[in-house]
Amino acid sequence: MKQKILIVPCSGIGKSYGSVAREAAYRVTEDLCPEKTKLVPLALLVLGGEEARSELGEAKAITIDGCKHACAAKVVAESGGTVANAVDVPEVFRRHRHLKPSGIAELDENGKKLAQVLAEEIRELVGSAVGEDRHA
Amino acid sequence: MSEEMLKVTVDKFIFLVPAGRFYSDAGVWVKPEDHRARLGLSDFAQQSNGDVAFVRVRPMGTKLERGDEFAEIETVKVNVSFPSPVRGTIVEVNRSLMDAPELINQEPDGKGWLAVVELSEAEDALSHLLDAQAYLAIVKGQAEAEMKR
Amino acid sequence: MPSERTAMPELPKRKVGIIACSGEEIAEGTVTRLAALRVLESLRPHETVTICLPLFLAGGEGDRAFARFHPTIAVDGCEKRCAARGTEMYSGKPAVSIVVNGDRSKDSSLLGTARRLTEVGMQVVDDVAGQIVRHVDQLLDLKRGRQTGPPTAGLEILQERAPRQAACSCGSGIPVATLQVAGREVTLLALPLIFAEFHEAGKLPDESVRNELMQAVKIYNSIPDADEAAYAHAVIQEYVAFCRENH
C-alpha cells in the first residue's frame with residue numbers, strides 16, 4: 001500500500017487562522033484526497049511515543065500553520081519527519097484578500113471559503129508529492 | 001551588536017522594548033541615526049494588532065509633519081494607520097515588507113523596520129518622545145486594559 | 001542575543017490557564033476545543049487565559065512561563081491526555097485534568113465526528129464548559145485558597161498545586177524566596193514582591209501586619225492550615241530583615 005501523505009494542522013486556538021488550518025486539513029483528508037492523505041494530530045507527535053512518531057518514518061508531511069510561530073512545521077521537523085511543504089495560512093490569505101476570516105469556534109463564511117481555497121492548494125501539493133514518489 | 005531589552009509580562013504575553021530607542025504612545029519606535037531616524041512598530045503594537053497581511057508605507061520623498069500618517073497595516077483583526085512621531089522627509093522605505101510583511105511580526109525591532117526619515121528639526125527633534133522606561137509603563141497599562149476587555 | 005533587563009514586576013492578577021487538546025481525530029477532541037473557547041470568550045473571559053497547545057509544545061516561552069506561575073486546567077479528548085502531559089512536561093502538573101467522556105458514559109458516536117458535532121455533542125460541550133467554570137471559580141477562591149467539593153464523574157482532580165519555583169530567568173519574572181519554616185526549607189512564590197509592596201506602603205514589620213502579610217502570601221502559595229502559624233512567624237521575621245536592608 002502506498003505511503004500516505006501526512007497532513008499536520010496546527011489547530012491553534014488563539015486565532016481564526018488556526019481554525020482555518022484545521023478545517024482545511026479535514027477538507028483535504030476527508031473530501032478531496034482521502035485515499036492519498038492522513039491527518040496526524042500535532043500533539044501526538046510530541047507525546048504519543050515511538051508508535052506515533054513512527055508514522056513519520058518514510059512518509060512526507062504537509063504542515064499547515066496559522067501564524068509565524070510555525071508550530072506544526074517545527075514539531076514535525078523536530079520529531080524526525082520530512083516536511084514536504086510548510087503551508088502558511090496568512091500567506092494564502094494575502095493572495096485572497098477578500099476572504100478575511102473571523103471566528104475561532106465557528107468560522108464565518110469567508111473563513112470556510114478560505115479553508116476551501118487552502119485545501120485545493122494542498123491537494124495540488126499532494127499531487128506533486130505523490131508524483132515525485134512515483135518517479136523516485 | 002546586542003541591544004539591551006526591557007521586558008514586561010502581562011498574563012502569558014511578553015513584550016520587549018529596546019532600551020536605547022524612543023517611542024510614540026501610538027507604538028512607533030524611533031532609532032536615531034545621525035540626522036536621520038529609523039521608524040518601526042513596537043513589539044507591543046505588532047502583538048496587539050495581530051499577523052500583518054499587508055503593509056503600506058508612504059513613498060520616498062514624502063514630507064511628513066508630526067502626526068501625519070506614514071504607514072498602515074492590515075491584519076485579520078484590524079486596519080491600523082500609524083502617525084509619524086517625527087518631522088522630516090522619508091528617504092528610505094523597507095521594500096522587503098512588500099513580499100514579507102510578516103517581518104513586522106517576526107522582527108519588529110530589526111528587519112521589520114518601516115522607513116527612514118531625514119529629520120527637519122535640527123535640535124530637540126526627539127525630545128517630545130517617550131524613553132524606553134516611559135513607553136514600557138504605557139505598554140503595561142495598555143496590555144492590562146486589553147486583558148480586561 | 002540581546003540582553004534583557006526585567007523591571008521588578010508587580011504582583012500579577014491570578015488567572016487560570018485553559019489548555020485544550022483540540023485533537024482532530026475524534027469528536028471529544030473538538031469538544032475540548034469548543035468548551036475551552038466558550039469559557040474563554042463568554043463564561044470567564046477575565047479570569048482565564050488560553051494556552052495554545054501547539055505553541056506550548058513547540059516552545060512558546062510566554063505560554064510555558066504563564067503555566068508555571070498560574071494554575072492550569074487541562075482538557076483532553078481521550079486517555080492519552082496530551083494536554084495534561086504536555087503541561088506537566090514543560091511547566092508543571094495542571095491543577096485539574098478533565099477527560100471528556102472519560103467514563104464513556106456516552107457512546108462516542110452520539111457526539112458526532114471531530115469535524116461536526118451533533119446536538120448531543122454540543123450538550124457535552126456545555127457540560128464540560130460548566131465543569132471548567134466550576135474549577136476556575138474554585139481555583140481562584142482566595143478566601144479558602146484550596147479546592148473543595150466532590151470529584152465529578154469522569155473528572156480527575158489532581159493534588160493541590162504546590163508552590164512553584166519561578167526564578168526571574170524562567171520568563172515569568174516572578175521572584176521567589178526560600179525560608180526556614182519549622183526546621184525545613186520552604187520556597188515561597190512572589191514573597192520579595194509582597195515585601196516590596198508592603199514596604200512601599202509604609203507598613204511596619206510588626207504583629208499588626210502579620211495577618212495581612214499572610215493573606216497576601218496565601219494568594220500565591222498553598223499553606224497547610226496546621227503549619228500556618230510557623231509560616232507566619234518565618235514570614236514576619238523575613239520581613240523584618242527586608243525592612244532593615246531597605247531602610
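**Close-up views of a predicted model**

**View 1. The interface of chain A and chain C.** Between chain A and chain C an area of about 2400 Å² is buried, and carbon and sulfur atoms give 62% of it. Of the area that chain A buries against chain C, 32% is supplied by A:I13, A:R22 and A:L47, more than by any other three residues. The model shown here, as in the other views, is predicted. The contact draws 26 residues from chain A and 29 residues from chain C.

**View 2. Polar and charged pairs across the interface of chain A and chain C.** The rule finds 4 salt bridges across this interface. A salt bridge joins the side chains of A:E23 and C:R116, with a distance of 3.8 Å from N to O. Between chain A and chain C, 11 residue pairs are in polar contact, counting pairs in which both residues have pLDDT 80 or more.

**View 3. The side of chain A that touches chain C.** Three helices of chain A, α1 (16-32), α2 (42-47) and α4 (71-78), each supply at least two residues of this side. Helix α1(A) provides the largest share, 8 residues. Sorted by class, the side of chain A that touches chain C comprises 15 nonpolar, 5 polar and 6 charged residues.

**View 4. The largest nonpolar core and the setting of A:L118.** This core has 96 residues, and those with the most contacts inside it are A:I7, A:L118, A:I122, C:I18, C:I73 and C:I132. Helix α6 (residues 109-135) of chain A contributes the largest share of the core, 9 residues. When neighbours within four places in sequence are left aside, A:L118 is in contact with A:V20, A:A24, A:I64, A:V87, A:V89 and A:V92. Another core, of 29 residues, lies apart from the largest one; among its members are B:V28, B:A37, B:V80 and B:I104. In soluble globular proteins, nonpolar side chains tend to be buried together.

View 5. Residue A:T37 belongs to strand β2 (residues 37-39) of chain A. A:T37 counts as buried because its relative accessible area is 3%, under the 20% cut-off. A polar atom of the A:T37 side chain lies 2.7 Å from the backbone oxygen of A:C33. Leaving aside neighbours within four places in sequence, A:T37 is in contact with A:K4, A:I5, A:I7, A:V28, A:T29 and A:V126. One of these, A:I7, is also listed with the residues that have the most contacts inside the largest nonpolar core.

Technical notes. Residues are numbered from 1 along each chain as its sequence is written. Chains are lettered from A and ligands numbered from 1 in the order in which they are written. This is a predicted model: local features need pLDDT of at least 70, side-chain atom pairs count only at pLDDT 80 or more; totals for chains, interfaces and linings use all residues. Side-chain values use heavy atoms; hydrogens and water are left out. Contact means heavy atoms within 4.5 Å. Buried area is the accessible area (1.4 Å probe) that two parts lose on being put together, summed over both. A polar contact is a pair of N or O atoms within 3.5 Å; within protein, one must be able to donate a hydrogen and the other to accept it, and residues adjacent in sequence count only if both atoms are side-chain atoms. Helices (H or I, at least four residues) and strands (E, at least two) are DSSP runs, numbered from the N terminus. Ala, Val, Leu, Ile, Met, Phe, Trp, Tyr, Cys and Pro count as nonpolar, Asp, Glu, Lys and Arg as charged, and the others, Gly among them, as polar. A nonpolar core is a set of buried Ala, Val, Leu, Ile, Met, Phe, Trp, Tyr and Cys residues joined through side-chain atoms within 4.5 Å. Buried means under 20% relative accessible area, exposed over 50%, partly exposed in between (1.4 Å probe, protein chains only).
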